[in-house]
Amino acid sequence: MESTDSGRRRKAARRAWPRLRAGQVKHALLPLLGPVLLLLAWELLARSGWIKPILLPGPWPTLQTLAAGLAGGALMTDTLMTLMRTLQAFVIAAVLGLPLGVLLGSNVNAYRSVEFVIDFFRSTPASAMIPLFLLIFGVSDINKVAIAAFGALLIVIFNAAYGVMNARKQRIMAARVMGASRWRVFRDVLIWESLPQSFVGLRTAVSMALVVVVVAEMFIGSNNGLGYAVLNAQQVLNVRLMYAAILATGVLGYLLNIVFLLIERLIVHWNGR
């Protein structure tokens, strides 16, 4: 009887395996659907003749230019310079913003007293502050990093503060019932409870830093960086390089987001439990 049951289970498993395998393949290939459709639409638009080829090259020549540039050409240098400035701005924003946001969030009255200032400057486009930063720092790399750090800093503070303020009250009450001091509650409960929201802020902040750095490279006397590459290629009508630089910017932003998602899963693996 047992051998009959085990045989039935093996047959059922063999019948289910192809469906399971097909589901896994479908799940793995699904993220590729969007890029494939985008490339097909791009190719059809380029071939249709609605836009002149000099203004819209096909995707394959553009991807070849991108690959050649990232394989050791000038585009690789520009990408590394943009990445370096973005990371510098992000580190400044994270080092200053995380502790400040946690401290403000742990004291609701303190946060409410500066809430207008934070929301006002957070709602102000960082690019609108470029003339002010030009007056302060002049035309230099420091200017690009400073304006990007400013835009990212407010996002980090906002999310860290709200992460603390929205900490689960049950855990705070449980810690207090067990006799934990205010410092222990802050250190062992509030900080950890703020991490999920803080990581949302960090991922948003690194994207903001990249955007502001690229804009600053376009308009603040640069001779390198992806923003410079896009603008310079447009001015000399090197359209393939212009699109390749735009794609490089998107790829860089996407990879930075993926890296932060992986770090978040490693550090905040307990989120939602």
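Colleague: Which side chain meets that of E264 in a salt bridge?

Modeller: Side chains of opposite charge can pair when their charged atoms come close. A salt bridge here is a side-chain nitrogen of Lys or Arg within 4 Å of a carboxyl oxygen of Asp or Glu. The partner of E264 is R203, at 3.2 Å from N to O. R203 lies in helix α9 (residues 182-219) and E264 in helix α11 (residues 239-267), so the pair ties together parts that are 61 residues apart in sequence.

A word on the source: this is a predicted model, in which local features need pLDDT of at least 70 and side-chain atom pairs count only at pLDDT 80 or more, while totals for chains, interfaces and linings use all residues. Residues are numbered from 1 along each chain as its sequence is written, and side-chain values use heavy atoms, with hydrogens and water left out.

Colleague: Is E264 buried or exposed?

Modeller: Buried means under 20% relative accessible area, exposed over 50%, and partly exposed in between (1.4 Å probe, protein chains only). E264 is buried because its relative accessibility is 14%. Of the 273 residues of the chain, 37% count as buried.

Colleague: How many salt bridges does the whole structure hold?

Modeller: The search finds 7. One of them joins R85 to D141, with the closest N and O atoms 3.0 Å apart. This pair links distant parts of the chain, as R85 is in helix α4 and D141 in helix α7 (residues 141-165), 56 residues apart. R85 is buried at 2% relative accessible area, whereas D141 is partly exposed at 34%.

Colleague: Which residues form a nonpolar patch on the surface?

Modeller: Patches are made of residues with over 30% relative accessible area and no salt bridge; like charges are joined within 9 Å, nonpolar side chains (Val, Leu, Ile, Met, Phe, Trp, Tyr) within 5 Å. Here L30, L32, L33, V36, L37 and L40 form the patch, with about 560 Å² of accessible area together. Of these, L40 is found in helix α2 (residues 33-48) and is partly exposed, at 48%.

Colleague: How many helices and strands are there in the chain?

Modeller: Helices (H or I, at least four residues) and strands (E, at least two) are DSSP runs, numbered from the N terminus. The chain has 11 helices and 0 strands.

Colleague: Where does α4 bend?

Modeller: The bend at a residue is the angle between axes fitted to the seven residues ending there and the seven starting there. In α4 the bend is about 30° at G97, and a proline, P99, follows within four residues.

How values were computed: Areas by Shrake-Rupley, 256 points an atom, 1.4 Å probe, with all protein chains shown as cover.
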